[in-house]
Amino acid sequence: ITGGADADKILILHGNTLATSTLYDPATNSSTAGPALPGTVNGAVSTFEISDGPDAGKTMILTSGGSGVETMVFDPAAGTIVAGPNMPGIVGAGSSVMNLDSGALADDALVLQGGTSAIVHQFDASLNAWAVAPIAVTSLSDGSFNMPLLTGPNAGQFLISRGGGTNTLLLYEPIAPMYSISGGLGAGNVDTGAFGIQIDSVGPSADQILIALGGVTDTRIYDPAAGTDVAGPTLNVVPGLGSFTYRITDGPQADNILIFPGTGTTTDIFEQATATIGAGPTRFAPGGPGNLAFEISDGVHDGRVLVLAGANNRQTDVYDPAANEFLDGTRRTAPVQGPAYILPIDSGPEAGRLMVVHGTSPSTSIYDPATNRMRAGGAVTAGGPGAHGFRFTDGGGDEKMMMVSAFNNMTTTIYDEATDSFSAGTPSANNSGAGAFNFEIVGGAQDGNQLLVNGAGATSTEVYNPIADTFTAGPN
């Protein structure tokens, strides 16, 4: 909330078919009852700020099928929530809001209704009224992606593939705004594993878009100037779940695109200057859902690319663009599963390295970017859904980490950066479970403490004081 008597507080709508709210005050670390709602709200509630007209500065609330009213308006000056103007429809799963700042609908908002619908609603702020906007033509599904068009008569628009095993292409015009069917691909359908590559201003397919269809080795080359597509080069590997691409920035393959198909150890390279696809180097680690690549900026592999194998695999690869080959990378000390997370180590003998907490496994790894090596870290107590951690400075000024267990467990683990050691921490006041998380409190009586939300369907929270090393009950 940015104005009125409750400025700087947070308004929480309870959802789940409830007509109540809570105000959380970070200055006092307390919660009080918020304004009553004129109806109920459901899970996919959306909000946006009204920027013009009689309700400028207020917040529009879309109830997502809640009973009583379709929209509500929160007035921060009065601290009230009242019924808003009725929408022509009810938002559902997949709904989203676009606030427009240009074109014919500048200062208005477009709401994509979602819920397997293609309907779009326009909120006219100056009239404080809803209208039906041009529909999105069709719903989107698996394999859908969008690419901005940089050239041709539709430059500035977005090309959207419908996905779901169809060949349909859409255009979104943000200035009008409007959606339109741009026809269909000349051959083939877009499905899981599909991706697009914006081709640079080089070669026979300059400024065009390579579309990998997904599930097959076929590709199409889409020409935004003509609005047509032709058969593209054939992939050597079928892209599927987990496929991704990486633009090579150095070496003999600079500016070409390395294609990871999502499974197996083979790769492809799309050469932009000739618009052809050739075999890429072979990986050591088989890919899978969760594939990830990032550049290494220090140490023995400076300028190379670390590629993490997905699918709960311990292996990694290092791609060397200068030699266009993969090197066998460091092994993670345990497979990453479930809610794994990473905390940076800022001091002590491991300063500059990363603590990798493995998730459901009660183990850790420490990654050294200078040597591209991982070593086993200490053991932590049970992980699982809701496990989380944070860095803090204790009463003696030492930098430490706390890893909070899950699986409805109250135990914690402390990592001391100065001594590079693990030990049992102070037990938390409540069990943690799925959905648990924490954040540092800034300002007020609890400034510098951590607020832990316990999750697992509970309304409880707790406050950790790092100076006193104590947990106390927080506001529900």
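In this predicted model, strand β30 (residues 364–368) is largely enclosed by the rest of the structure, because 5 of its 5 residues are buried. In a regular strand, side chains alternate between the two faces of the sheet. For β30, Thr364, Ile366 and Asp368 lie on one side, Ser365 and Tyr367 lie on the other, and the burial of all of these residues leaves both faces covered.

Strand β30 also has pairing partners. Strand β29 (residues 354–357) pairs with β30 in the antiparallel sense, over 4 bridges. Within this pairing, Val357 stands opposite Thr364 of β30. Strand β31 (residues 373–376) is likewise antiparallel to β30 and is joined to it by 4 bridges. Here Tyr367 has Met374 in β31 as its bridge partner.

Now the aromatic rings. The structure holds 8 aromatic pairs. One of them is formed by Tyr415 and Phe422: the ring centres are 4.9 Å apart and the planes stand at 45°, so the pair counts as tilted.

Tyr464 is buried, with a relative accessible area of 1%, and Phe471 is buried at 12%, which is under the 20% cut-off.

Elsewhere, ring pairs link four residues into a cluster: Phe244, Phe260, Tyr319 and Phe326.

Definitions and conventions
Residues numbered from 1 in each chain as written. Predicted model: local features only at pLDDT ≥ 70, side-chain atom pairs only at ≥ 80, totals over all residues. Heavy atoms only, no water. Phe/Tyr/Trp six-rings, centres within 6.5 Å; stacked < 30°, edge-to-face > 60°. Buried < 20%, exposed > 50% of the residue type's maximum accessible area, 1.4 Å probe, protein only. Helix = DSSP H or I, 4+ residues; strand = E, 2+ residues; numbered from the N terminus. Pairing = 2+ DSSP bridges.
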